[in-house]
Amino acid sequence: MSFDLADITLEEKRRALEELADVKELFAARNWFPGTSGNLSIRIGDFQPEQFYFAVTASGKDKTKRTPEDFLFVDQHGKAAETTNLKPSAETLIHCEIYRLTGCGAVFHVHTVFNNLISEYYGEQGSVPVQGIELIKAFNIWEENAAIQIPVLPNYADIASIAKLVPGVLNERIPGILLRNHGIYAWGKDVFEAKKHLEAFEFLFETTYRSLLLKSSK
Ligand SMILES: CSC[C@@H](O)[C@@H](O)C(=O)COP(=O)(O)O
Ligand SMILES: [Zn+2]
């Protein structure tokens, strides 16, 4: 059965936008949006892999500011679902693909120094190995000394070409994908879980980076 953005109440839309604005403000305070980089989204309403809607950050905005023009609603193809002058994030197609494949509720993308350094260090091998660090449990992986691989995709200028590679690397245990020398996409069933996953990834990247440095200075 098909449904429409108009079926979603104003109250539900307002709540979603407020939640997204709050998490944007929090990440901005951590300097996670340098130079207007980064994009965030939250899904609203029903989900079918072939039909869904989400609010996404408008492209090129200063994401440290809170304004009435920060977000717009788009459909499963990344097209504006309401009349607006705002342009969806240039990377909306990656959000679309993550929602389509996982049915998750929120997707966050940030550029940080640690995610960039680690994505380049392991870029050639296509994934970042992490083992035995407590914060792996944030991904609901509870085995002792768990070993995970975080996928790294090439950073093509054409976003559609990156989006096409997402199905090939998406691992349902690992709620994140790195783009080489670019940043991370992390997701979760809602804003709380996507934020938890993103924070865990960033901790793992910084720990991995520092541990490589420590080992190289022995
Ligand atoms: C200005 S550098 C960052 C962009 O090229 C891009 O990678 C990014 O994350 C933000 O793009 P945006 O279109 O604002 O969502
Ligand atoms: Zn980006």
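Author: **The zinc site**

Glu91 (OE), His109 (NE2), His111 (NE2) and His182 (NE2) coordinate the zinc ion (ligand 2) at 2.1 to 2.7 Å. Donors here are N, O and S atoms within 2.8 Å of the metal (3.2 Å for Na, K and Ca), and since water is not among the atoms, sites may look incomplete. This is a predicted model, in which local features need pLDDT of at least 70 and side-chain atom pairs pLDDT 80 or more, while totals for chains, interfaces and linings use all residues. Residues are numbered from 1 along each chain as its sequence is written, chains are lettered from A and ligands numbered from 1 in the order written, and side-chain values use heavy atoms, without hydrogens and water.

The arrangement is octahedral because the 6 donor atoms around the zinc ion (ligand 2) subtend angles of 74 to 172°; six donors count as octahedral if opposite ones are over 155 degrees apart and all others between 65 and 115. The donor residues follow the spacing E-x17-H-x1-H-x70-H. Glu91, in the loop between strand 3 (71–75) and helix 2 (92–102), and His109, in strand 4 (residues 106–110), are 18 residues apart and link distant parts of the chain. Helices (H or I, at least four residues) and strands (E, at least two) are DSSP runs, numbered from the N terminus. Both Glu91 and His109 are buried, meaning under 20% relative accessible area with a 1.4 Å probe, protein chains only.

Strand 4 pairs with strand 8 (residues 183–188) in the antiparallel sense over 5 bridges; pairing requires at least two DSSP bridges. Val107 has Trp187 in strand 8 as its bridge partner.

How values were computed:
Four donors count as tetrahedral if all angles lie between 85 and 135 degrees; four count as square planar and six as octahedral if opposite donors are over 155 degrees apart and all others between 65 and 115; anything else is irregular. Buried means under 20% relative accessible area, exposed over 50%, partly exposed in between (1.4 Å probe, protein chains only).
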